[in-house]
Amino acid sequence: MSAKRFFKKLLRYTLCLAAGLAAFAACGYTDYRLWPLDLPASAHARVPITAVANEQLVVPFTPGVPVAEVASFNDQLEAFLRFEYLRGREARAGHDTSHMLLAAVNTKKGPHYKIFIVTNNDLLAAVPQLADLEGRNLIAHYELATWSEKDLSYYQQQSHTFDVAYDLPTEQKLETINSSRLLPALAQFLVFKSQTDNRV
């Protein structure tokens, strides 16, 4: 067999092998893309399940303690001012404010101060309540979450600690504080006041 015929056969076999591999790859890709896959069954129902409690229709959305995060701050003073403002406005409207909590959450960048509202475990009641606060510009947004009873107790204790700490009388008077330390806090308060006081 001459070298020319050998190379022709080798080229033909190589082309056949390449075409076969290409066809196999195309079939495999098509099979992968079009073959029906099984979706994993969820342990929880995706559609809220309704119930009747006290002769009223309710839509519970969590097995734990339902809460809504309504604000987050990097600065403790600003967080407490907003927390007090929200509680004050709600108390003036005759609403119970014991379900509003201020807590510090540790992150990699340091503590973040968050305001939470413990809501009813009923979407039909919780969402309108939060939407009302949002509509009155008392909160900018809300995000529903779930706590355990242990989490609730921990955050209630934290919120109580903030109340006690900010309720203590101070030994230092404003006149004795250095202006370099006083000006940032004053600026924060003026911004807060301009955002919340309707007379401004």
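**A tour of the salt bridges**

Select Glu69 and Lys114: these residues form a salt bridge, with their closest N and O atoms 3.5 Å apart. A salt bridge here is a side-chain nitrogen of Lys or Arg within 4 Å of a carboxyl oxygen of Asp or Glu. The pair links distant parts of the chain, since Glu69 lies in strand β3 (residues 65-73) and Lys114 in strand β5 (residues 110-118), 45 residues apart. Helices (H or I, at least four residues) and strands (E, at least two) are DSSP runs, numbered from the N terminus. Both Glu69 and Lys114 are buried; buried means under 20% relative accessible area, exposed over 50%, and partly exposed in between (1.4 Å probe, protein chains only).

This is a predicted model, in which local features need pLDDT of at least 70 and side-chain atom pairs count only at pLDDT 80 or more, while totals for chains, interfaces and linings use all residues. Residues are numbered from 1 along each chain as its sequence is written, and side-chain values use heavy atoms, leaving out hydrogens and water.

Next, select Glu84 and Arg87 in helix α2 (residues 76-92), which are 3 residues apart and thus separated by about one helical turn. Their salt bridge has its closest N and O atoms 2.3 Å apart. Glu84 is partly exposed, at 35% relative accessible area, whereas Arg87 is buried, at 17%.

Then select Glu90 and Arg136, whose salt bridge has its closest N and O atoms 3.0 Å apart. Glu90 belongs to helix α2, and Arg136 to the loop between α3 (123-135) and β6 (143-147), 46 residues away.
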